[in-house]
Amino acid sequence: MDQERIGKFIKNLRVKNNLTQKQFAEMLGVTYQAVSKWETGKNIPDIVLLQEISNIFKVDINEILKGEQVCQSFLKKSKKGFIILLLLLMFIVVNMIIYIICCNSDSSFEFRTLTTTCDEFTLKGSVAYSKEKFSIYISDIDYCGQQNNIIYQKIECTLYESYRNIKTEISACPTNTIPETLSDFLQDVEFSIDNYIASCKHFSDSDLYLEVLATNKENQTISYKIPIQLENCNTK
């Protein structure tokens with residue numbers, strides 16, 4: 001992971017939006033010295049601050065970590081592009097963990113990648129956790145099943161966790177009542193959950209999944225369950 005490249009990317013975003021380091025720092029609740037360290041590649045923001053920067057400048061968090069913007073439409077349409085992005089994300093996660101362990105970073109977060117085993121759907125996501133926090137980020141959900149041209153009158157999606165036979169709703173996206181295909185609906189769906197009350201060991205022993213309910217013009221509802229896998233957490 002190239003910290004200098006990440007720093008230059010953050011600086012370019014700040015400058016393009018006519019913000020001083022002090023103004024940018026106040027928006028994030030940090031010191032301008034912290035912003036200066038990011039932009040010079042001496043340090044990187046933790047996952048919570050990365051998400052805030054992503055929201056402020058309307059860029060994908062993975063673009064910040066890569067240090068450049070990528071063409072999202074190409075990645076959605078190309079299976080090869082998705083595989084490359086997944087490998088890149090895994091590379092970034094591994095190097096970030098090495099950085100945290102070896103370079104004595106101020107951040108105490110561990111990072112893990114989220115994937116799905118469902119053949120009809122793709123997604124990308126990650127979790128960040130420490131002793132105090134557990135955050136979940138999921139985006140770029142895409143339906144690649146055979147019947148991807150069906151127009152649905154209503155679509156709902158909810159993120160669930162099933163732990164010891166107890167089903168818990170983590171978050172839900174706004175219900176769509178405008179006729180559109182499942183792919184069109186999902187391309188704007190993302191989940192960003194901070195400070196979730198759970199531990200890494202808890203999630204390793206539970207089932208995390210996304211449920212999508214799509215109702216067609218005949219008022220028939222089709223249910224899709226998208227299982228989400230979490231890499232082994234450090235439960236020590």
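Four cavities of 30 Å³ or more turn up here. A cavity is a set of points on a 1 Å grid, over the protein atoms alone, where a 1.4 Å probe fits but cannot get out. Its volume is the space filled by probe spheres set on the points, which are joined across faces, edges and corners. The model is predicted: local features need pLDDT of at least 70, side-chain atom pairs count only at pLDDT 80 or more, and totals for chains, interfaces and linings use all residues. Residues are numbered from 1 along each chain as its sequence is written, and side-chain values use heavy atoms, with hydrogens and water left out.

**Stop one: the largest cavity**

Its volume is about 110 Å³. Select I47, N62, L65, L89 and S126: of the 14 lining residues (an atom within 4 Å of a point), these are the closest to the centre. Next, colour helix 4 (47-57), helix 5 (61-66), helix 7 (79-102) and strand 2 (121-129), which each give two or more residues to this lining. Helices (H or I, at least four residues) and strands (E, at least two) are DSSP runs, numbered from the N terminus. Helix 7 gives the most, with four residues.

**Stop two: the second largest cavity**

About 70 Å³ of space lies here. Select the lining: I47, V48, Q51, S126, V127, A128, S135, I136, Y137, S192, I193 and D194. Helix 4, strand 2, strand 3 (134-143) and strand 6 (191-193) each supply two or more of the lining residues.

How values were computed:
1 Å grid on protein atoms, 1.4 Å probe; cavity = no way out; pocket = protein on both sides within 12 Å on 5 of 7 lines; lining within 4 Å.
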